[in-house]
Amino acid sequence: MNQDDEKTGFQEWADFSVAGDALGSTASDLYSSYIIYKERLNTLPQKELVRRGWISAKGDSTSLVNYFRDVHEEQGSALYRKSDTANTSLISLWLSKVKSQGEMEVLLRGIPKFDGLSKDKLREISRLSVDVNVLPQLPRILSDLGIILIYMEALPSMKLDGAVFKLASGNPVVGMSLRYPRLDNFWFTLLHELSHLHLHRDVLDSPILEDFDCESDSEIEVSANRLAKNTFVERRVWRNCEPKYNKSFGAIEKFANEMGVHKAIIAGMLRKEFGNYTAYSKIVNEYDVREIVFHGS
(Lines give C-alpha, C1' and ligand atoms only; values in the text may rest on other atoms or scores of the structure.)
Protein backbone atom coordinates (compact mmCIF):
# COMPACT_ATOMS: atom_id res chain seq x y z
CA MET A 1 0.00 0.00 0.00
CA ASN A 2 1.46 3.39 -1.00
CA GLN A 3 1.24 6.56 1.02
CA ASP A 4 -1.79 7.86 -0.90
CA ASP A 5 -3.64 4.58 -0.34
CA GLU A 6 -2.85 4.69 3.35
CA LYS A 7 -4.09 8.26 3.54
CA THR A 8 -7.29 7.40 1.68
CA GLY A 9 -7.93 4.34 3.81
CA PHE A 10 -7.36 6.31 6.98
CA GLN A 11 -9.76 9.03 5.85
CA GLU A 12 -12.47 6.49 5.03
CA TRP A 13 -11.94 4.79 8.39
CA ALA A 14 -12.17 8.16 10.13
CA ASP A 15 -15.51 8.76 8.43
CA PHE A 16 -16.87 5.50 9.87
CA SER A 17 -15.23 5.63 13.29
CA VAL A 18 -17.58 8.40 14.40
CA ALA A 19 -20.25 5.67 14.65
CA GLY A 20 -18.40 4.16 17.60
CA ASP A 21 -20.44 5.79 20.35
CA ALA A 22 -23.74 4.93 18.66
CA LEU A 23 -22.70 1.29 18.25
CA GLY A 24 -21.32 1.09 21.77
CA SER A 25 -18.10 -0.57 20.56
CA THR A 26 -14.41 -0.02 21.02
CA ALA A 27 -12.30 1.43 18.24
CA SER A 28 -10.58 -1.94 17.87
CA ASP A 29 -13.89 -3.76 17.35
CA LEU A 30 -15.05 -1.17 14.86
CA TYR A 31 -11.82 -1.35 12.92
CA SER A 32 -12.11 -5.15 12.68
CA SER A 33 -15.61 -4.68 11.25
CA TYR A 34 -14.31 -2.04 8.87
CA ILE A 35 -11.76 -4.47 7.45
CA ILE A 36 -14.54 -7.03 6.82
CA TYR A 37 -16.69 -4.28 5.33
CA LYS A 38 -13.92 -3.26 2.91
CA GLU A 39 -13.29 -6.90 1.92
CA ARG A 40 -16.96 -7.33 1.12
CA LEU A 41 -17.10 -4.14 -0.90
CA ASN A 42 -14.30 -5.50 -3.08
CA THR A 43 -16.47 -8.48 -4.07
CA LEU A 44 -19.56 -6.42 -4.93
CA PRO A 45 -20.61 -5.43 -8.49
CA GLN A 46 -19.58 -1.79 -8.47
CA LYS A 47 -21.25 -0.89 -11.77
CA GLU A 48 -24.55 -2.29 -10.53
CA LEU A 49 -24.31 -0.34 -7.27
CA VAL A 50 -23.68 2.87 -9.19
CA ARG A 51 -26.59 2.08 -11.54
CA ARG A 52 -28.91 1.68 -8.55
CA GLY A 53 -27.62 4.85 -6.94
CA TRP A 54 -26.36 2.98 -3.87
CA ILE A 55 -22.89 4.46 -4.33
CA SER A 56 -21.89 7.61 -6.19
CA ALA A 57 -18.98 6.10 -8.12
CA LYS A 58 -16.79 3.01 -8.27
CA GLY A 59 -14.68 2.75 -5.15
CA ASP A 60 -17.04 4.92 -3.10
CA SER A 61 -17.51 3.34 0.34
CA THR A 62 -18.71 6.23 2.46
CA SER A 63 -22.18 6.16 0.85
CA LEU A 64 -22.87 2.89 2.66
CA VAL A 65 -22.61 3.89 6.31
CA ASN A 66 -25.69 1.82 7.20
CA TYR A 67 -24.10 -1.19 5.54
CA PHE A 68 -21.02 -0.76 7.72
CA ARG A 69 -23.30 -0.64 10.78
CA ASP A 70 -25.02 -3.85 9.74
CA VAL A 71 -21.75 -5.66 8.95
CA HIS A 72 -20.58 -4.74 12.44
CA GLU A 73 -23.80 -5.90 14.11
CA GLU A 74 -24.04 -9.18 12.21
CA GLN A 75 -20.69 -10.60 13.37
CA GLY A 76 -21.32 -14.01 14.90
CA SER A 77 -24.61 -14.45 13.03
CA ALA A 78 -25.42 -17.29 10.66
CA LEU A 79 -24.89 -14.98 7.70
CA TYR A 80 -21.43 -14.01 8.92
CA ARG A 81 -20.43 -17.66 9.11
CA LYS A 82 -21.47 -18.54 5.54
CA SER A 83 -18.60 -19.85 3.42
CA ASP A 84 -19.70 -18.35 0.08
CA THR A 85 -17.95 -15.00 0.51
CA ALA A 86 -19.23 -13.45 -2.73
CA ASN A 87 -22.83 -14.43 -2.08
CA THR A 88 -22.55 -13.39 1.58
CA SER A 89 -21.47 -9.93 0.47
CA LEU A 90 -24.37 -9.64 -1.96
CA ILE A 91 -26.90 -10.85 0.60
CA SER A 92 -25.60 -8.71 3.44
CA LEU A 93 -25.69 -5.52 1.34
CA TRP A 94 -29.17 -6.36 -0.01
CA LEU A 95 -30.36 -7.10 3.52
CA SER A 96 -28.89 -3.84 4.79
CA LYS A 97 -30.77 -1.86 2.13
CA VAL A 98 -34.01 -3.68 3.01
CA LYS A 99 -33.47 -2.92 6.70
CA SER A 100 -32.75 0.76 6.03
CA GLN A 101 -35.87 1.09 3.89
CA GLY A 102 -37.93 -0.65 6.56
CA GLU A 103 -36.65 1.75 9.22
CA MET A 104 -37.59 4.69 7.00
CA GLU A 105 -41.10 3.27 6.55
CA VAL A 106 -41.57 3.12 10.32
CA LEU A 107 -40.18 6.63 10.75
CA LEU A 108 -42.11 8.34 7.96
CA ARG A 109 -45.37 6.41 7.67
CA GLY A 110 -46.28 5.64 11.26
CA ILE A 111 -46.65 1.88 10.81
CA PRO A 112 -48.95 0.49 13.52
CA LYS A 113 -47.80 -2.00 16.13
CA PHE A 114 -47.60 -5.62 14.99
CA ASP A 115 -49.97 -7.79 17.03
CA GLY A 116 -49.37 -11.14 15.39
CA LEU A 117 -50.73 -12.93 12.35
CA SER A 118 -53.41 -15.60 12.63
CA LYS A 119 -53.92 -18.56 10.31
CA ASP A 120 -57.21 -17.03 9.20
CA LYS A 121 -55.43 -13.82 8.23
CA LEU A 122 -52.80 -15.83 6.34
CA ARG A 123 -55.56 -17.56 4.43
CA GLU A 124 -57.22 -14.22 3.69
CA ILE A 125 -53.95 -12.85 2.31
CA SER A 126 -53.44 -15.93 0.12
CA ARG A 127 -56.86 -15.32 -1.47
CA LEU A 128 -55.63 -11.97 -2.77
CA SER A 129 -53.53 -13.95 -5.26
CA VAL A 130 -56.44 -14.27 -7.69
CA ASP A 131 -55.86 -10.67 -8.83
CA VAL A 132 -52.35 -10.08 -10.20
CA ASN A 133 -52.92 -6.32 -9.97
CA VAL A 134 -52.83 -6.57 -6.17
CA LEU A 135 -49.04 -7.09 -6.12
CA PRO A 136 -48.12 -3.38 -6.03
CA GLN A 137 -50.76 -2.85 -3.33
CA LEU A 138 -49.52 -5.55 -0.96
CA PRO A 139 -47.01 -3.33 0.89
CA ARG A 140 -49.84 -0.96 1.82
CA ILE A 141 -52.20 -3.81 2.72
CA LEU A 142 -49.65 -5.48 4.98
CA SER A 143 -48.57 -2.18 6.56
CA ASP A 144 -52.07 -1.94 8.07
CA LEU A 145 -51.15 -5.11 9.99
CA GLY A 146 -47.84 -3.65 11.18
CA ILE A 147 -45.86 -5.66 8.60
CA ILE A 148 -43.38 -3.94 6.31
CA LEU A 149 -43.10 -5.56 2.88
CA ILE A 150 -40.10 -4.44 0.85
CA TYR A 151 -39.58 -5.33 -2.81
CA MET A 152 -35.84 -5.10 -3.39
CA GLU A 153 -34.63 -6.51 -6.70
CA ALA A 154 -31.96 -9.19 -6.31
CA LEU A 155 -28.39 -8.22 -7.06
CA PRO A 156 -26.87 -10.16 -9.99
CA SER A 157 -25.92 -13.74 -8.96
CA MET A 158 -27.43 -13.32 -5.49
CA LYS A 159 -28.78 -16.61 -4.16
CA LEU A 160 -31.70 -15.42 -2.08
CA ASP A 161 -35.47 -15.37 -2.51
CA GLY A 162 -36.50 -13.53 0.63
CA ALA A 163 -35.87 -12.69 4.25
CA VAL A 164 -37.84 -11.91 7.37
CA PHE A 165 -36.68 -10.17 10.53
CA LYS A 166 -37.83 -7.77 13.22
CA LEU A 167 -36.85 -4.12 13.62
CA ALA A 168 -36.12 -2.46 16.96
CA SER A 169 -39.67 -1.06 16.78
CA GLY A 170 -41.03 -4.62 16.91
CA ASN A 171 -42.36 -4.38 13.35
CA PRO A 172 -41.47 -7.35 11.16
CA VAL A 173 -39.93 -6.76 7.76
CA VAL A 174 -40.42 -9.13 4.85
CA GLY A 175 -37.91 -8.55 2.07
CA MET A 176 -38.53 -10.12 -1.35
CA SER A 177 -35.85 -10.19 -4.03
CA LEU A 178 -38.11 -11.43 -6.87
CA ARG A 179 -35.16 -13.50 -8.04
CA TYR A 180 -37.59 -15.53 -10.14
CA PRO A 181 -40.42 -13.68 -11.90
CA ARG A 182 -43.01 -16.47 -11.68
CA LEU A 183 -46.27 -15.83 -9.86
CA ASP A 184 -46.21 -19.16 -8.01
CA ASN A 185 -42.72 -18.41 -6.68
CA PHE A 186 -43.80 -14.95 -5.53
CA TRP A 187 -46.79 -16.19 -3.58
CA PHE A 188 -45.04 -19.15 -2.02
CA THR A 189 -42.15 -16.92 -0.89
CA LEU A 190 -44.51 -14.34 0.58
CA LEU A 191 -46.67 -16.88 2.43
CA HIS A 192 -43.57 -18.73 3.65
CA GLU A 193 -42.20 -15.52 5.19
CA LEU A 194 -45.59 -14.63 6.66
CA SER A 195 -45.82 -18.15 8.09
CA HIS A 196 -42.64 -17.39 10.02
CA LEU A 197 -44.47 -14.44 11.58
CA HIS A 198 -47.20 -16.77 12.80
CA LEU A 199 -44.90 -19.58 13.94
CA HIS A 200 -41.58 -18.00 14.88
CA ARG A 201 -42.25 -14.43 15.91
CA ASP A 202 -39.98 -14.72 18.96
CA VAL A 203 -36.82 -15.64 17.02
CA LEU A 204 -36.83 -12.86 14.43
CA ASP A 205 -34.30 -10.54 16.06
CA SER A 206 -31.89 -12.18 13.60
CA PRO A 207 -32.95 -12.50 9.96
CA ILE A 208 -34.23 -15.76 8.52
CA LEU A 209 -32.83 -16.00 4.99
CA GLU A 210 -34.47 -18.03 2.25
CA ASP A 211 -32.85 -19.72 -0.73
CA PHE A 212 -35.52 -22.07 -2.05
CA ASP A 213 -33.12 -23.62 -4.54
CA CYS A 214 -31.66 -25.44 -1.52
CA GLU A 215 -33.80 -27.84 0.47
CA SER A 216 -33.66 -27.26 4.22
CA ASP A 217 -34.48 -29.89 6.83
CA SER A 218 -34.50 -27.45 9.76
CA GLU A 219 -37.69 -27.62 11.79
CA ILE A 220 -38.23 -23.88 11.40
CA GLU A 221 -38.14 -24.10 7.61
CA VAL A 222 -40.11 -27.32 7.37
CA SER A 223 -42.90 -25.95 9.57
CA ALA A 224 -43.07 -22.68 7.59
CA ASN A 225 -43.23 -24.63 4.32
CA ARG A 226 -46.00 -26.81 5.70
CA LEU A 227 -48.08 -23.88 6.90
CA ALA A 228 -47.63 -21.91 3.66
CA LYS A 229 -48.73 -24.88 1.56
CA ASN A 230 -51.63 -25.63 3.90
CA THR A 231 -52.70 -21.97 3.69
CA PHE A 232 -53.23 -22.30 -0.05
CA VAL A 233 -54.83 -25.74 0.10
CA GLU A 234 -55.57 -27.75 3.22
CA ARG A 235 -53.58 -30.97 3.37
CA ARG A 236 -56.63 -33.24 3.43
CA VAL A 237 -57.99 -31.52 0.31
CA TRP A 238 -54.68 -31.55 -1.53
CA ARG A 239 -54.07 -35.25 -0.86
CA ASN A 240 -56.60 -36.44 -3.43
CA CYS A 241 -57.42 -33.35 -5.46
CA GLU A 242 -58.49 -33.76 -9.08
CA PRO A 243 -55.47 -32.06 -10.76
CA LYS A 244 -53.19 -34.82 -9.42
CA TYR A 245 -54.99 -37.29 -11.68
CA ASN A 246 -56.51 -35.10 -14.36
CA LYS A 247 -53.52 -33.08 -15.50
CA SER A 248 -55.41 -30.79 -17.87
CA PHE A 249 -55.23 -27.01 -17.62
CA GLY A 250 -58.98 -27.00 -17.14
CA ALA A 251 -58.74 -29.19 -14.02
CA ILE A 252 -56.11 -26.87 -12.54
CA GLU A 253 -58.19 -23.77 -13.22
CA LYS A 254 -61.34 -25.37 -11.79
CA PHE A 255 -59.58 -26.49 -8.61
CA ALA A 256 -57.88 -23.09 -8.18
CA ASN A 257 -61.26 -21.37 -8.42
CA GLU A 258 -62.65 -23.73 -5.78
CA MET A 259 -59.73 -22.95 -3.46
CA GLY A 260 -59.88 -19.21 -4.14
CA VAL A 261 -56.25 -18.89 -5.24
CA HIS A 262 -54.53 -18.17 -8.54
CA LYS A 263 -54.12 -21.12 -10.87
CA ALA A 264 -50.35 -20.52 -11.09
CA ILE A 265 -50.07 -21.47 -7.40
CA ILE A 266 -51.77 -24.83 -7.99
CA ALA A 267 -49.61 -25.43 -11.08
CA GLY A 268 -46.49 -24.60 -9.06
CA MET A 269 -47.48 -26.98 -6.25
CA LEU A 270 -47.97 -29.78 -8.79
CA ARG A 271 -44.59 -29.09 -10.41
CA LYS A 272 -42.95 -29.27 -7.00
CA GLU A 273 -44.74 -32.45 -5.91
CA PHE A 274 -43.99 -34.37 -9.11
CA GLY A 275 -40.49 -32.92 -9.56
CA ASN A 276 -41.38 -31.82 -13.08
CA TYR A 277 -40.37 -28.19 -13.50
CA THR A 278 -41.22 -28.00 -17.18
CA ALA A 279 -44.89 -28.87 -16.67
CA TYR A 280 -47.50 -26.13 -16.89
CA SER A 281 -44.93 -23.56 -18.00
CA LYS A 282 -47.62 -21.63 -19.85
CA ILE A 283 -49.55 -21.13 -16.60
CA VAL A 284 -46.67 -20.26 -14.26
CA ASN A 285 -44.97 -17.96 -16.78
CA GLU A 286 -48.10 -16.12 -17.88
CA TYR A 287 -47.20 -13.09 -15.76
CA ASP A 288 -43.84 -11.50 -15.03
CA VAL A 289 -43.93 -10.41 -11.39
CA ARG A 290 -40.93 -8.12 -11.74
CA GLU A 291 -42.60 -6.22 -14.55
CA ILE A 292 -45.80 -5.82 -12.52
CA VAL A 293 -44.03 -4.74 -9.32
CA PHE A 294 -41.25 -2.55 -10.65
CA HIS A 295 -42.73 -1.26 -13.90
CA GLY A 296 -46.48 -1.46 -13.34
CA SER A 297 -47.22 -3.68 -16.33
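Helices, of at least four residues, and strands, of at least two, are DSSP runs numbered from the N terminus. The views below come from a predicted model.

**Figure 1. Overview of the fold.** The secondary structure of the protein comes to 15 helices and four strands. The chain has 297 residues, and 46% of them count as buried. Take the contacts between residues at least 6 apart in sequence: 70% of these join residues at least 24 apart.

**Figure 2. An open sheet of four strands.** The strands run in the order S1-S3-S2-S4, with mixed pairing. Strand S1 (148-151) and strand S4 (208-210) are the edge strands, and each pairs on one side only. From one strand to the next, the twist averages 15 degrees. Helix H9 packs on this sheet and touches S1, S2, S3 and S4. The direction of H9 makes about 160 degrees with that of S3.

**Figure 3. Close-up of the S2-S3 pair.** Strand S2 covers residues 162-166, and strand S3 covers residues 172-176. The two pair in the antiparallel sense over five bridges. In one of these strands, S3, Val-174 is the bridge partner of Val-164.

**Figure 4. Helix H7 against helix H9.** H7 spans residues 119-126, and H9 spans residues 183-199. Their axes come within 11 Å and cross at roughly 165 degrees. An angle over 145 degrees counts as roughly antiparallel, so H7 is roughly antiparallel to H9. The crossing of H7 past H9 is right-handed. On the H7 side, the contact residues are Lys-119, Leu-122, Ile-125 and Ser-126. On the H9 side, they are Trp-187, Leu-191, Leu-194, Ser-195 and His-198. Together, the residues of this contact divide into five nonpolar, three polar and one charged.

**Figure 5. Helix H9 against helix H10.** H10 covers residues 219-232. The axes of H9 and H10 come within 8 Å and cross at roughly 115 degrees. This crossing is right-handed. H9 contributes Trp-187, Phe-188, Leu-191, His-192, Ser-195, His-196, His-198 and Leu-199 to the contact. H10 contributes Ile-220, Glu-221, Ser-223, Ala-224, Asn-225, Leu-227, Ala-228, Thr-231 and Phe-232. The residues of the contact divide into nine nonpolar, seven polar and one charged. Trp-187 of H9 takes part here and also in the contact with H7.

**Figure 6. Asp-184, a buried residue of H9.** Asp-184 lies in helix H9. Its relative accessibility is 9%, so Asp-184 counts as buried. The cut-off for buried is under 20%. Leaving aside neighbours within four places in sequence, Asp-184 is in contact with Ala-264, Ile-265, Gly-268 and Val-284.

**Figure 7. Leu-135 and its surroundings.** Leu-135 sits in the loop between H7 and helix H8 (138-143). At 0% relative accessibility, Leu-135 counts as buried. Not counting residues up to four places away in sequence, Leu-135 touches Tyr-151, Leu-183, Phe-186, Trp-187, Val-289, Ile-292 and Val-293. Leu-183 is 48 residues from Leu-135 along the chain. The C-alpha atoms of these two leucines are separated by 9.9 Å.

**Figure 8. Helix H5, largely enclosed.** H5 runs over residues 65-74. Seven of its ten residues are buried, so H5 is largely enclosed by the rest of the structure. The buried residues are Tyr-67, Phe-68, Arg-69, Asp-70, Val-71, His-72 and Glu-74.

**Figure 9. Two loop residues with positive phi.** Most residues other than glycine have a negative phi. Ser-157 is not a glycine, yet its phi is positive, at about 70 degrees. Ser-157 is placed in the loop between S1 and S2. With 65% relative accessibility, Ser-157 counts as exposed. Tyr-280 likewise has a positive phi, near 55 degrees. Tyr-280 lies in the loop between helix H13 (263-274) and helix H14 (281-284). At 12% relative accessibility, Tyr-280 counts as buried.

Terms used:
Residues numbered from 1 in each chain as written. Predicted model: local features only at pLDDT ≥ 70, side-chain atom pairs only at ≥ 80, totals over all residues. Heavy atoms only, no water. Axes fitted to C-alpha atoms, helices over the stretch in contact; angles between N-to-C directions. Parallel < 35°, antiparallel > 145°, perpendicular 65-115°, else oblique. Left-handed = near helix turned anticlockwise from the far one by under 90°. Contact = heavy atoms within 4.5 Å. Nonpolar A, V, L, I, M, F, W, Y, C, P; charged D, E, K, R; others polar. Buried < 20%, exposed > 50% of the residue type's maximum accessible area, 1.4 Å probe, protein only. Pairing = 2+ DSSP bridges.
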